[in-house]
Amino acid sequence: MDEEAPLVGDKLVEIPKKNHARDVHILSSAFLLVFLAYGAVQNLESTLNTEEDLGTTSLGILYVSFTFFSLVASMVVRGLGSKNALVLGTTGYWLFLAANLKPSWYTMVPASIYLGFAASIIWVGQGTYLTSTARSHARDYNFHEGTVIGKFNGEFWGLFASHQFIGNLISLALLSDGTEGSTSGTTLLYVVFLCSMTLGTILMCFLTKKTDEGESRQPDSSVSFYSNVVSLSKSVINPLFDVRMLLVIPLIAYSGLQQAFVWAEFTKDIVTPALGESGVGGAMAVYGAFDAICSLAAGRLTSGPKSITLIVSGGAFIQAIVFLWLLLAYRLTSGVLGTMYPLLMAAILGIGDGVFNTQLSALLGILFKHDMEGAFAQLKVWQSASIAVVFFLSPYISLKAMLVIMLAALCISYAGFLFLTLKVEKAFSSSSL
C-alpha cells in the first residue's frame with residue numbers, strides 16, 4: 001500500500017521514491033570485484049599448490065566448511081542485517097587470497113575454514129538483500145514483483161558471471177610470460193587481486209541498509225540462549241518440512257554439481273589435453289562470457305513460474321547434450337576442431353550455469369517470501385555440499401563415471417522441478433478463482 005503524501009499548507013508534497021536499482025548496480029559491481037579475484041585463484045589452486053594436493057584439499061575443506069556454516073548462516077544474517085553480513089563476508093575471501101601468498105597447511109586450512117563461514121553469510125545476505133530490494137522496487141513503482149525479481153537477478157548474475165571472463169584474462173596476461181610457477185609472477189597476480197577485493201569491500205559499504213519487512217529484525221539482547229537455539233533449529237529444519245523446498249533441493253544440488261564438474265573435471269580431462277594448461281584460462285573465459293550473457297537474458301525473460309519452467313528446461317536440455325556428447329561421441333582430435341570442441345562445450349556449460357543461477361534465485365524469492373534467509377541458506381547448504389563431494393571424489397573417479405552421475409542427477413532433479421512447477425501452477429490457479 002502506498003504511503004499518503006504529507007500536507008504542507010494546502011499542497012500535497014510527493015515523497016521521492018528511492019532508487020533501488022542503484023543498490024543492485026553497487027551489489028553487482030562489488031561482487032564482480034571480489035569474485036574476479038577469487039574465481040581466478042580457485043581455478044589455479046590445483047595447478048599452483050600441488051604439493052601434497054594442498055590446493056585441491058583446501059578447496060574441499062572450504063566447501064565442507066561452507067556447508068556446515070550455511071546451517072547457521074540465516075540466523076547470523078538476521079542478527080547482523082544483510083548489508084553488514086555482506087561486508088563481513090568479504091573478509092574471508094581477502095584472507096584466503098592472502099594465505100596463498102605463503103601457502104602451507106598452517107595458512108591455507110584455517111583460511112579455508114574461515115572462508116566457509118564468510119561465504120555462507122555473504123551468499124545468504126546476497127539473496128536476502130537482492131530479493132528485498134526487488135520487492136521494494138516493485139512496491140514503490142507498482143511493477144509486477146516476479147518481473148522485477150527476475151530482472152534484478154539477471155543483472156546481478158550477468159555481471160557476476162563475467163568475473164570468470166575478466167579474472168581469467170588478468171591471470172592469462174600476468175602469467176603469460178611463463179611466470180606461472182615463479183614466485184614473482186604469482187605474487188604480482190595476488191597483489192592485483194587483493195587490490196580488487198579491497199575495492200569491492202569498500203563499494204559494499206555504500207549499499208543502503210534495508211529496513212522494510214522483508215529484511216531481518218535485530219535480535220533482542222534479552223533473548224535467552226534457548227530461544228536462539230530454537231530459532232536456529234526452526235530456520236534449518238522447518239524448510240525441510242515444506243514440500244516445495246524438498247522438490248527444489250535436488251535441482252539446487254545439481255546446480256552445485258555442474259559447477260564443480262566444470263572446475264574439477266572439465267578443465268582437467270577435456271580442456272587441458274586439448275588446449276594445454278595455458279588454454280584453461282581461455283576456456284574458462286569463454287565459459288564466463290556465455291554465463292554472463294545468458295544470465296542477463298534469462299533474468300529479463302523471467303516473469304513467474306511459467307517462464308522459469310521454460311528457461312530451466314532449456315538449460316537442462318543443452319547441458320544434457322554436452323554430457324551425452326562427452327560420454328558417447330567425444331574423442332580428442334587435433335587441428336581446428338580439436339580446439340573448437342572444448343570451447344563450444346565451455347560456452348554451452350556456461351549458458352546452463354547462467355540459467356540455474358538466475359532461475360533458482362528467482363524461484364526461491366517468489367516461493368519463500370516469508371523466510372528468505374532460510375530459503376537462501378538451504379540453497380547454499382546443498383550447493384556447497386555437492387561441490388565438496390565432487391572435489392573430494394575427483395582424484396578417485398573416472399570421467400565416464402562422473403558423467404553418468406551428472407546425467408542421473410540432472411534427470412532426477414529435473415523431474416522434481418517439473419512436479420514442483422505443476423504444484424505451484426495449480427496453487428496459483430486455485431488462488432485466482
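This is a predicted model: local features need pLDDT of at least 70, side-chain atom pairs count only at pLDDT 80 or more; totals for chains, interfaces and linings use all residues.
The bend at a residue is the angle between two fitted axes, one through the seven residues ending there and the other through the seven starting there. Keep that in mind for helix α2, which bends by about 50° at V72.

Helix α2 has 27 residues, yet its end C-alpha atoms are only 33 Å apart, whereas a straight helix would reach 39 Å at 1.5 Å a residue. If you follow the chain just past the end of α2, you come to G81, which takes a positive phi of about 90°.

Now step back for the wider view. The protein chain has 13 helices and two strands. Of its 433 residues, 52% are buried. Among contacts with a separation of 6 or more, 85% are between residues 24 or more positions apart.

Let us go inside. The largest nonpolar core has 111 residues, and F31, Y38, Y93 and W123 are the ones with the most contacts inside it. Helix α8, residues 243-275, gives the most to this core, with 16 residues. A second, separate core has seven residues, including A73, V77, I121 and V124.

You will find I121 in helix α4, which covers residues 105-141. Is I121 buried or exposed? With a relative accessible area of 0%, I121 falls under the 20% limit and therefore counts as buried. Leaving aside neighbours within four places in sequence, I121 is in contact with A73, V76, V77, A85, L88 and G89. Take L88 from that list: 33 residues separate L88 and I121 along the chain, and their C-alpha atoms are 8.2 Å apart.

Back in the largest core, Y93 is one of the residues with the most contacts. Beyond the neighbours within four places in sequence, its contacts are V34, F35, Y38, L115, A119, I122, W123 and M197. Several aromatic residues also come together here by name: F31, F35, Y38, Y93, F96, W123, F156, W157 and F160 form one aromatic cluster.

How many aromatic pairs are there? The count comes to 27. One of them is the stacked pair of F31 and F35, with 5.6 Å centre to centre and 10° between the planes. Both residues sit in helix α1 (residues 20-48), and because they are four residues apart there, about one helical turn separates them. F31 is buried at a relative accessible area of 1%, and F35 is buried at 4%.

Another stacked pair joins Y63 and F391, with 5.7 Å centre to centre and 20° between the planes. This pair links distant parts of the chain: Y63 belongs to helix α2 (residues 54-80) and F391 to helix α12 (residues 372-393), 328 residues apart. Y63 is buried, with a relative accessible area of 5%, and F391 also counts as buried, at 6% relative accessibility.

Finally, look for charged side chains set over rings. K380 lies over the face of W123, at 4.3 Å from the ring centre. R244 lies over the face of F368, at 4.8 Å from the ring centre.

Note on methods. Residues are numbered from 1 along each chain as its sequence is written. Side-chain values use heavy atoms; hydrogens and water are left out. A nonpolar core is a set of buried Ala, Val, Leu, Ile, Met, Phe, Trp, Tyr and Cys residues joined through side-chain atoms within 4.5 Å. Buried means under 20% relative accessible area, exposed over 50%, partly exposed in between (1.4 Å probe, protein chains only). Contact means heavy atoms within 4.5 Å. Rings of Phe, Tyr and Trp (its six-membered ring) pair if their centres lie within 6.5 Å; planes under 30 degrees apart count as stacked, over 60 as edge-to-face and the rest as tilted. A charge sits over a ring if NZ of Lys or CZ of Arg is within 6 Å of the ring centre and within 35 degrees of the ring normal. The expected span of a helix is 1.5 Å times one less than its number of residues.
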